[in-house]
Amino acid sequence: MQLGALIARWGEPLGARGPMDPATLLGPICTDSRQLAPGQLFVPLVGERFDGHCFLPQAVAIGAQAALVQRDRAAHVPAELLHWLVDDTTDAYQQLALLHRRALELPVVAVTGSAGKTTTRELIRAALRPLGSVVASSGNENNDIGVPLTLLKAGSADRAVVVEMGMRGLGEIDRLSRCAEPDVAVITNIGTAHIGRLGSREAIASAKTEITSCLQPGGLLIFPAGDPLLEAAVAQVWHARICRVALSDDPGSAEADLVGELDAADEWLTLQGQPVQLPLSGRHNARNLLLALAVAQELGVELAALQQLEVDVPGGRNRRLELGGLTLLDETYNASPEAVLAALELLASQPGRRFAVLGTMLELGEQSVDLHRRVAERAAALGLDGLVVVSSGAEAEAMAAAAQGLPRLAVVAEPEQAAGPLGDWLQPGDVLLLKASRGIALERLIPLLPEL
């Protein structure tokens, strides 16, 4: 990107300057003063607990090329700093990412949903590798700061960009869609995550379908078949190309455009006569894989090149560990009711005795107690050999009451306390699932588990 693009957008810069050539290349963009290097464009962001404008003098000392400065902070800009005044630096940062995205002309894939976003993102990344280098979101880069950061990482040598889009309220995914202008949009599902903030699954569906607000006119929207709520929300906002996916025995398979057949061992997915090995266990991950394969086909990848995918999922998601004689299903990173139910189904399919540690699911609002009860009821219906509930208050009481039929049941307040009953219950050959919302920090239990 050239400085001329900024001049066209925000006018001539202020502050000390030498000869200004609009053709001068813009330095790398940095929003973190701790990582700022000479020659970079500094974009100081403003948050609830921080203000990057406090570090404008350091930017001068480091040798920043220039900076964007929020208009209401202009009084404190060092005179020698070349800078543009903007109304909002976060919005300007997203506009820079959009300019960069347009200049590169790479296909951009956007992923959102109530559960499985990160896993599906990584499956898409893996499925697009035959194209060449793929840039994708990492960690928690799924918000107003992370999405533009991912876009700005892409360069001319890359062949595609995959961005994950998270949200906590209405309007957030709309902003991210305007920043990314995706060519392909994927909605993994509509669940109850954040229902405490949004109030209903209908509102969640409306928020998730904001991903189409700047989907390219010739772009493709991909989502699972068989959800009337999602279908209704999509019908309100998107009237162009759609690809619905389903497993052959899913209720919505008759309406699906792409149908995969899962073998009896849940190890291979056959699609259009081509077998693809499941890189991650569970029927829910087979559906996520279908979403990724639909993206790959849209961008020109042959199914024959995708028989065996190598997927690197971040810690606390779909992680299988062997602790001596104990098999641990580590799902500690986060939890929604739908994700917990899927994890329980995976646990139930494992050989041997099966145990679970389930912690509180946060941000469920008035439906929290009922949703926790439903999860525990499913654990009991699946016939688990034991359950430890890491929770307190009404949620803990509801889960304990719903799981009374299990042969082993304990309720504790903190993750570390679960080690007590587990130490008494577990034997070699057992399988243990850990699942809770991020705020519970259930991973603190892992070092305390016995190696059987």
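**Entry 1**

I began with β3 and β4, which run parallel and are joined by 4 bridges. My helices (H or I, at least four residues) and strands (E, at least two) are DSSP runs, numbered from the N terminus. I count two strands as paired if DSSP finds at least two bridges between them. The model is a predicted one, so I kept to its limits: local features need pLDDT of at least 70 and side-chain atom pairs count only at pLDDT 80 or more, while totals for chains, interfaces and linings use all residues. Residues are numbered from 1 along each chain as its sequence is written, and side-chain values use heavy atoms, with hydrogens and water left out.

Stepping back, I saw an open sheet of 4 strands in the order β1-β2-β3-β4, with parallel pairing. Its edge strands are β1 (29–30) and β4, each pairing on one side only.

Next I looked up R71, which sits in the loop between β3 (66–70) and β4 (83–86). My cut-offs are under 20% relative accessible area for buried, over 50% for exposed and partly exposed in between, with a 1.4 Å probe and protein chains only.

R71 touches L85, V86 and D87, leaving out residues up to four places away in sequence; contact here means heavy atoms within 4.5 Å. I also noted the C-alpha to C-alpha distance from R71 to D87: 5.5 Å, for 16 residues of separation in sequence.

H53 was my other loop residue, placed between β2 (41–42) and α2 (56–62). H53 counts as buried because its relative accessible area is 7%. Which residues does H53 touch, not counting those up to four places away in sequence? I listed P44, V46, V69, Q70, R73 and T89.

**Entry 1: strand β7**

I then moved to β7 (residues 160–164). 5 of its 5 residues are buried, so this strand is largely enclosed by the rest of the structure. A160, V162 and E164 point one way from β7, and V161 and V163 point the other way.

Strand β5 (residues 108–112) pairs with β7 in the parallel sense over 4 bridges, and V109 stands opposite V162. Strand β6 (residues 134–136) also pairs with β7 in the parallel sense, over 3 bridges, and there A136 has V162 as its bridge partner. From β6 the chain crosses through helix α5 (residues 146–153) to β7 in a right-handed β-α-β crossover. Right-handed means that, with the strands pointing away from the viewer, the path from the first strand over the helix to the second runs clockwise.

**Entry 2: the cavity**

How many cavities of 30 Å³ or more does a search of the whole structure find? My search gave 1. A cavity is a set of points, on a 1 Å grid over the protein atoms alone, where a 1.4 Å probe fits but cannot get out, and lining residues have an atom within 4 Å of a point. Grid points are joined across faces, edges and corners, and the volume is the space filled by probe spheres set on the points.

The largest cavity holds about 40 Å³ of space. I wrote down its lining as H100, R101, L104, L106, V108, L151, A154 and V161. Helix α3 (residues 89–104) gives the most to this lining, with 3 residues.

**Entry 3: further along the chain**

In helix α8 (residues 201–208) I found A203, I204, A205, A207 and K208 buried. The buried residues of α8 pack against β5, α6 (172–180), β8 (184–187), α7 (195–198) and α9.

P228 belongs to α9 (residues 228–237) and is exposed, because its relative accessible area is 62%. I put its C-alpha at 9.7 Å from that of G252, 24 residues apart along the chain.

My last stop was L328, in strand β15 (residues 326–331). L328 counts as buried because its relative accessibility is 0%. Apart from neighbours within four places in sequence, its contacts are R319, R320, L321, L323, L432, L434, I446 and L449. L328 and I446 are 118 residues apart in sequence, yet 9.0 Å apart in space, C-alpha to C-alpha.

Note on methods. On a 1 Å grid over the protein atoms alone, a cavity is a set of points where a 1.4 Å probe fits but cannot get out, and a pocket is an open set with protein on both sides within 12 Å along at least five of seven lines; lining residues have an atom within 4 Å of a point.
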